[in-house]
Amino acid sequence: MSEDLNGLAESIQYVTVMIGGQLFGLPIERVHDVFMPESITRVPLSNPQIAGVLNLRGRIVTAIDMRRRLHLPERTDGGQAMAVGIEHKGESYGLLIDNVGEVLTLATSGREPNPVNLDMRWSMVSGGVHRLNGQLMVILDVDRVLGGMAESLAA
Amino acid sequence: MDDLLREFLTETNESLDVVDVELVKFEQDPNNAKILDNIFRLVHTIKGTCGFLGLPRLEAIAHAAETLMGKFRDGVPVTPGAVNLVLASIDRIKGIVADLEASEQEPAGSDSDLIKELERMSEGGAAEAAAALALEKQASQPSKLAEMAAAAAEPPKQAEGTLVFQILERQLRPGEVSLDELERAFRETASEAVVIEPDPSKPEIIIKDAPPVVEKPTAAQAKAAVQERREAKEKEKEKAEEGEGKGSVASQSIRVSVDTLEHLMTMVSELVLTRNQLLEIVRRHEDSEFKVPLQRLSNVTAELQEGVMKTRMQPIGSAWQKLPRIVRDLSQELNKQIELEMVGAETELDRQVLELIKDPLTHMVRNSADHGLERPEIRRANGKPDKGTIRLSAFHEGGHIIIEIADDGKGLDIERIKTKVVENGLATESEIEKMPDAAIFKFIFAPGFSTASKITNVSGRGVGMDVVKTNIDAIGGTIDLKSTAGQGSTFTIKIPLTLAIVSTLIVESAGDRFAIPQLSVVELVRAQSNSEHRIERIRDTPVLRLRNKLLPLVHLSKLLDITHRDPSYEAKSEDDGFIVVMQVGQQTFGVVVDAVFHTEEIVVKPMSTMLRHITMFSGNTILGDGSVIMIIDPNGIATAIGSTTGGSLADDHRADEDERSREQAQTISMLLFRAGTMEPKAIPLSLVTRLEEFSVDKIESSNGRDLVQYRGSLMPLVYFDEHLQRKTEGSVPMLVFSDSGRSMGLVVDEIIDIVEDRLDIQVGSDRPGILGSAVIKTKATEVVDIGHFLPQAFEDWFQRKETSQEVTTRSLLFVDDAPFFRNMLGPVLKAAGYSVTLAESAKEAIRYFEEGRKFDVVVSDIEMPEMSGFEFAEALKRSPRLKHIPILALSASCTPASIERGRQAGFDDYIAKFDRAGLIAALKEVSNYEYGVAA
């Protein structure tokens with residue numbers, strides 16, 4: 001990763017999101033927008049982690065249910081889902097999350113590797129962990145979140 | 001790139017294509033002056049422009065070719081050789097143009113070979129013709145040729161005459177006359193110029209040599225010549241006028257780059273979407289002042305859309321343009337007479353589609369010429385005309401374009417395809433035997449498949465038909481073929497007219513909306529339980545009586561495996577709803593939906609890569625109300641229906657489907673044969689390596705046993721019934737079994753059939769060699785235990801069995817729900833030295849363990865009802881008492897994924913069913929390992 005090469009003084013901005021009570025951070029340059037997904041059309045026979053497709057300003061966006069992607073229980077509080085719009089290999093995706101938090105600027109030096117005992121399914125999509133005051137932020141590696149889905153499809 | 005150059009390239013490429021076609025026509029119809037004029041004009045234009053742009057190489061070739069064609073115009077007989085030469089020149093020009101396009105520079109190189117050849121042909125041809133003319137029509141047809149003839153025919157002047165021609169030829173050579181205007185002037189007066197006008201740049205030679213020639217003709221001849229010239233001039237003028245007329249037509253059309261058109265198309269597509277959205281909004285607000293202007297906008301949009309679509313439409317003939325030339329060249333190269341018939345060249349289709357089918361079509365025509373049509377002598381022997389015909393036709397059919405490529409050749413060689421299929425490992429011999437011809441033909445579309453025995457220049461490189469199929473698949477088309485031995489084959493390609501905008505029917509199923517392309521919708525039927533049209537059931541298959549036909553039905557919700565989002569939603573009766581009658585290929589079926597809305601023009605947007613594997617959808621789009629909708633792929637549905645209705649049961653529930661596939665997995669192919677007695681005997685086909693037939697006199701006897709030479713080694717024969725009278729003449733059929741490089745032949749009386757059925761051994765047998773009896777195809781059949789015969793051929797066939805027997809008799813638990821495998825493998829395992837306990841299910845196996853029985857090793861099937869092999873293995877591994885017992889998986893599906901899954905579940909090894917050797921080896925391995933640990 002480029003930030004590794006640029007030395008320790010570098011810092012990255014993360015958009016923080018909550019998914020199933022866990023704080024996650026997405027590198028800000030990967031986040032195109034944050035929106036409230038409306039009228040998601042489900043796609044029969046698709047991977048259950050795909051919530052469906054939706055129209056975002058004339059573009060068709062594939063919505064990924066991040067709770068299912070991370071093997072977390074379904075949401076029960078009935079709150080309005082939020083989505084983080086990202087681009088991956090020229091296609092638009094919306095990651096469905098519970099809430100969006102603030103943008104944090106964190107020094108790359110504070111990033112720690114995934115704990116070895118982290119659930120495999122999580123460590124596959126996590127780019128490391130930041131210790132924040134009072135909680136931990138897991139870095140979501142967007143490419144691996146989506147790439148992993150495409151791979152499982154190819155298998 | 002320079003605009004001028006680009007323009008030139010486009011124009012030249014187009015002209016060259018036309019020249020190709022025209023030349024071939026001309027060769028067949030050499031007296032057609034119109035065609036010749038056309039060719040001449042095109043080549044001339046190329047030459048002229050080249051001179052203008054300063055492209056000496058192109059110009060030189062074009063010029064030489066033009067000269068030769070000029071001779072044709074003057075009445076020189078058209079020979080295939082000459083046409084070949086002109087075609088070769090056109091090819092050379094094409095090559096240079098291609099380089100020019102790539103590098104913007106004329107490539108270095110010399111064309112003197114070609115030019116010399118062309119010149120020689122012009123001279124020789126002219127001289128010949130002239131001589132002929134001089135002899136026959138000397139004075140009656142005075143012409144420029146006559147003048148030349150006069151020169152050429154006079155013996156003393158022969159050399160001089162030739163020289164004159166050379167000078168005359170050179171006079172027009174490029175470089176010397178480079179101005180376009182000058183060229184045009186020449187064109188106007190070409191016939192005179194050749195003879196009388198001195199070359200301004202070579203005055204001294206002309207003065208020396210030309211005058212005698214010019215002065216040669218008598219006064220009368222000269223007069224006639226003048227007359228002739230005048231006529232020619234008038235003709236030229238007419239033609240020029242004609243040309244101008246054409247020019248004015250040309251000036252009414254402009255060239256637009258494809259990118260511009262594509263962009264326009266995209267924008268119109270977006271406009272259509274926006275219009276739809278607006279219409280939707282207005283629909284909600286009753287009397288809106290927007291209504292009228294919006295209606296207008298809507299109409300304009302529709303017209304605009306149509307107009308833009310039209311700009312993209314091109315006659316399919318433009319994709320065929322190159323074919324006559326290709327076929328002509330092929331017919332020479334292959335020494336076959338081929339006629340190419342083209343029907344429906346004016347059929348229009350989207351240029352995007354056109355581009356994509358161009359290459360496949362060319363390839364298929366080549367194939368037909370090379371593989372399909374026979375040589376004339378063979379055709380004659382088969383009572384066909386010498387000339388083979390390739391017929392290319394295109395026509396519209398229900399929103400699709402059908403293109404057929406038919407030849408009257410020998411048809412596909414099914415035997416050779418079979419051999420190739422087996423050689424390439426695409427299917428086993430036994431699989432092939434069961435396939436209908438049509439399915440075997442389909443293999444020619446498999447990658448890397450070519451039956452051409454020798455690789456020709458034309459085809460047979462093994463890339464081709466698969467590329468053809470891929471290309472056609474990519475545009476949502478289908479390809480089919482019919483072939484009759486000795487009568488030829490017909491390929492039928494069905495492709496959509498356009499890829500961009502589709503008219504669809506919006507339907508609802510389980511609360512979700514879907515778009516069905518209207519192209520495949522035949523009609524809509526309302527079905528109600530009490531109406532004329534009601535859904536009936538045969539077993540559990542829903543069907544509809546529609547005009548004396550039985551229409552298979554499928555519920556869209558079941559096909560897509562969806563239930564209503566709202567759990568409280570009360571599903572309508574399954575027998576109520578709308579039936580969308582669809583036709584895909586030859587297949588007609590009804591899709592049951594809950595509601596049908598309106599039709600909507602939609603712009604197909606490609607699906608996300610993550611969804612592209614779902615065959616039920618071809619794309620998605622945004623509807624007028626802004627929501628995204630999935631577009632149903634009729635082909636996907638047809639396939640799904642084909643596979644559900646094809647099974648013995650047709651129920652649509654997932655679970656049932658799984659079960660059915662399991663049931664189908666249990667039906668196995670069996671080889672039925674007769675040996676000894678009259679009752680049919682059966683053996684699983686997968687155990688048989690090959691079926692052979694040997695003539696009796698090939699059977700040799702050595703050391704008291706019968707052998708045949710088979711594939712370079714001796715194969716022992718075993719007779720099914722030792723005591724039976726053996727045939728003394730004719731041939732004997734045998735089943736060949738091979739295992740680790742050794743083969744044996746089991747001689748039988750007659751091979752009856754290969755059938756697909758469930759194997760359920762109902763009555764056991766004490767007779768050696770017979771496992772028991774089963775009902776196969778309603779007949780009681782003896783199931784043969786091949787394990788009995790193998791050691792007869794090689795005593796050490798089950799050598800491993802002895803070694804393991806020596807160790808100790810070990811106990812083995814074999815779990816399989818299929819009685820066949822229990823019956824089949826039980827004896828095998830016993831023979832391998834195990835004391836075998838059989839369990840019908842994982843539950844039963846676990847009960848054995850609970851009862852305190854001990855086993856040294858467990859072999860378990862994977863696909864079992866109630867508790868799968870995976871779950872069984874996991875259960876065993878959880879128990880501290882049982883987890884050390886080695887457990888082997890035995891499964892029909894040995895995919896890497898399932899093997900991995902097996903490892904995770906705790907299986908020590910994963911073996912394919914029927915892999916008897918593999919199973920025994922694996923057993924030996926786990927036993928040894930275990931033994932070693934114990935010791």
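In which sense, left-handed or right-handed, does α28(B) pass α29(B)? The crossing is right-handed; View 1 gives its setting.

The model is predicted, so local features need pLDDT of at least 70 and side-chain atom pairs count only at pLDDT 80 or more, while totals for chains, interfaces and linings use all residues. Residues are numbered from 1 along each chain as its sequence is written, and chains are lettered from A and ligands numbered from 1 in the order in which they are written.

**View 1. Helices α28(B) and α29(B) cross at roughly 20°.** Helix α28 (residues 842-850) of chain B and α29(B) have axes that come within 10 Å. Helices (H or I, at least four residues) and strands (E, at least two) are DSSP runs, numbered from the N terminus. Axes are lines fitted to C-alpha atoms, for helices over the stretch in contact, and angles run from 0 to 180 degrees between N-to-C directions. The crossing angle makes α28(B) roughly parallel to α29(B) (angles under 35 degrees count as roughly parallel, over 145 as roughly antiparallel, 65 to 115 as roughly perpendicular and the rest as oblique). A crossing is right-handed if the near helix is turned clockwise from the far one by less than a right angle, and left-handed if anticlockwise. Ala842(B), Ala845(B) and Ile846(B) of α28(B) meet Gly869(B), Glu871(B), Phe872(B) and Ala875(B) of α29(B); residues are in contact if their C-beta atoms, placed from the backbone, lie within 7 Å. By class, this contact has 5 nonpolar, 1 polar and 1 charged residues (Ala, Val, Leu, Ile, Met, Phe, Trp, Tyr, Cys and Pro count as nonpolar, Asp, Glu, Lys and Arg as charged, and the others, Gly among them, as polar).

**View 2. An open sheet of 5 strands in chain B has parallel pairing.** The strand order is β32-β31-β33-β34-β35, where two strands pair if DSSP finds at least two bridges between them. From one strand to the next, the twist averages 25°. Strands β33 (residues 857-861) and β34 (residues 887-891) of chain B are joined by 4 bridges, and Asp861(B) stands opposite Leu890(B) in β34(B). Helix α29 (residues 869-878) of chain B lies across β31 (810-815), β33 and β34 of chain B, at about 155° to β33(B).

**View 3. Helices α3(B) and α4(B) pack with their axes 10 Å apart.** Helix α3 spans residues 56-73 and helix α4 residues 80-103 of chain B, and the angle between them is about 160°. That makes α3(B) roughly antiparallel to α4(B). The crossing is left-handed. Among the contact residues are Leu58(B), Ile61(B) and Leu68(B) of α3(B), and Val86(B), Ile93(B) and Ile96(B) of α4(B). The contact has 11 nonpolar, 1 polar and 2 charged residues.

**View 4. An open sheet of 5 strands in chain A has mixed pairing.** The order is β3-β6-β7-β5-β4, with β3 (31-35) and β4 (50-56) of chain A as edge strands. The twist averages 30° from one strand to the next. Strand β4(A) runs antiparallel to β5 (residues 59-65) of chain A, joined by 6 bridges, and Leu54(A) stands opposite Val61(A) in β5(A).

**View 5. Chain B touches chain A through 20 residues on each chain.** On chain B, β17 (617-622) and β18 (628-632) each supply at least two residues of this side. The largest share, 3 residues, comes from β18(B). The chain B side divides into 11 nonpolar, 6 polar and 3 charged residues.

Methods:
Contact = placed C-beta atoms within 7 Å.
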